[in-house]
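Me: I have a protein model to read and would like to know what lies behind the terms used for it. Please set each value against its definition.

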Amino acid sequence: MILTVTMNPSVDISYPLDNFFINQVNRCQETKKTAGGKGLNVTRVIHQMKRPVVATGLLGGALGTFIEEQLESQKIVHHFSKIEGDTRNCIAVLHDGGKQTEILEAGPTVSKDELDQFEAIFTEEGKNAKVVTISGSLPKGAPSSYYVNLLEDLKETDTRVILDTSGQSLKDVLNSEVKPFAIKPNLEELEGLTGTKIELDEKQLTTVLSNSLFEGVELILVSLGKDGAFVKDGKDFYRVRIPIINVVNPVGSGDSTVAGLAITLSEEASIEDILKTAMTLGMLNTMENQTGFVNTTNFKEYFDQVEVLKVDL
């Protein structure tokens, strides 16, 4: 079983408009509302790939109920912790031929008691999982070091944790004594962690990922968008190349990549299959309108086109 964690979920609302007029009434004919947040995108893709998955995190109010009901309608197992505050909305206005304007609510402020209550659920579910994915931002009220607590809760287990976050939360984890099995920064996030301007250069990336900051993290996948990925696996480094594809909606592709990592790590696949699966699911997500959605019938076609090349040191 794979456990996915979303600490600050949302109801994602998309408003497609031909034109977006400021300071005027804009009427939308078709609205889409989705159980959102990075971890729930991961959840959906794992479920679409027909692997066992349980979603957890914090939910509150009517919007929290909406998320639970949508997951149940999709037959996705979940075990969320309830909070007093209301789960947030995140609004995307899709307009003027490809532009996207977003309004993201900060979300509720959670108490220490609510965090402790969630941690008990997390520990109970996490010890039964082969892989845990922890994705996205923390809610207000949670200390930036909270993900360190979650890792400590699983340190006596064999559970592998994939952490996909950024900023101070990621820095706190990397500077702690407990480390996730895998992380998935992009170049911008890597620059923020190291304070170094980073180019798409294999020699520089090898040096950066060999920094003591990343000691103890077994797998680091640096996503490079259309250029694929650069990966550190133990002491080995890999360049992953992907084919040219028709990108429809790139939002959620990183979460789909995490889903691929989780699936293959739970099945103890080879590093080549791990990376090919992760990149394939990321690509398949970009080819769809829906966030956190893949057309599984296209999986083999694109899996076979991903190249995993070991970097000679």
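**Reading the values**

Reply: The model is predicted. In the protein, 67% of the contacts with a separation of 6 or more are between residues 24 or more positions apart. Its secondary structure comes to 10 helices and 15 strands.

Me: How do you know whether the radius of gyration agrees with a compact globule?

Reply: A compact globule of 313 residues would have a radius of gyration near 20 Å, and the protein has 19 Å, so the value agrees. The C-alpha trace spans about 60 × 45 × 40 Å along its principal axes.

Me: Why is Thr-280 called buried?

Reply: Buried means under 20% relative accessible area. Thr-280 has 0%, and therefore it counts as buried. Thr-280 sits in helix H9, which covers residues 271–286. Leaving out residues up to four places away in sequence, Thr-280 touches Phe-299, Tyr-302, Phe-303 and Val-306.

Me: What share of the 313 residues counts as buried?

Reply: The share is 52%. The accessible surface of the whole protein is about 14,800 Å², and carbon and sulfur atoms hold 46% of that.

Me: What makes a space a pocket and not a cavity?

Reply: A pocket is an open set of points, whereas in a cavity the 1.4 Å probe fits but cannot get out. The second largest pocket has a volume of about 170 Å³. It is lined by 13 residues, and Thr-159, Val-161, Lys-179, Pro-180 and Phe-181 are the closest to its centre. The lining divides into 6 nonpolar, 3 polar and 4 charged residues.

Notes
Residues numbered from 1 in each chain as written. Predicted model: local features only at pLDDT ≥ 70, side-chain atom pairs only at ≥ 80, totals over all residues. Heavy atoms only, no water. 1 Å grid on protein atoms, 1.4 Å probe; cavity = no way out; pocket = protein on both sides within 12 Å on 5 of 7 lines; lining within 4 Å. Points joined across faces, edges and corners; volume = space filled by probe spheres on them. Nonpolar A, V, L, I, M, F, W, Y, C, P; charged D, E, K, R; others polar. Helix = DSSP H or I, 4+ residues; strand = E, 2+ residues; numbered from the N terminus. Buried < 20%, exposed > 50% of the residue type's maximum accessible area, 1.4 Å probe, protein only. Contact = heavy atoms within 4.5 Å. Rg over C-alpha atoms; globule rule 2.2 N^0.38 Å. Areas by Shrake-Rupley, 256 points an atom, 1.4 Å probe, with all protein chains shown as cover.
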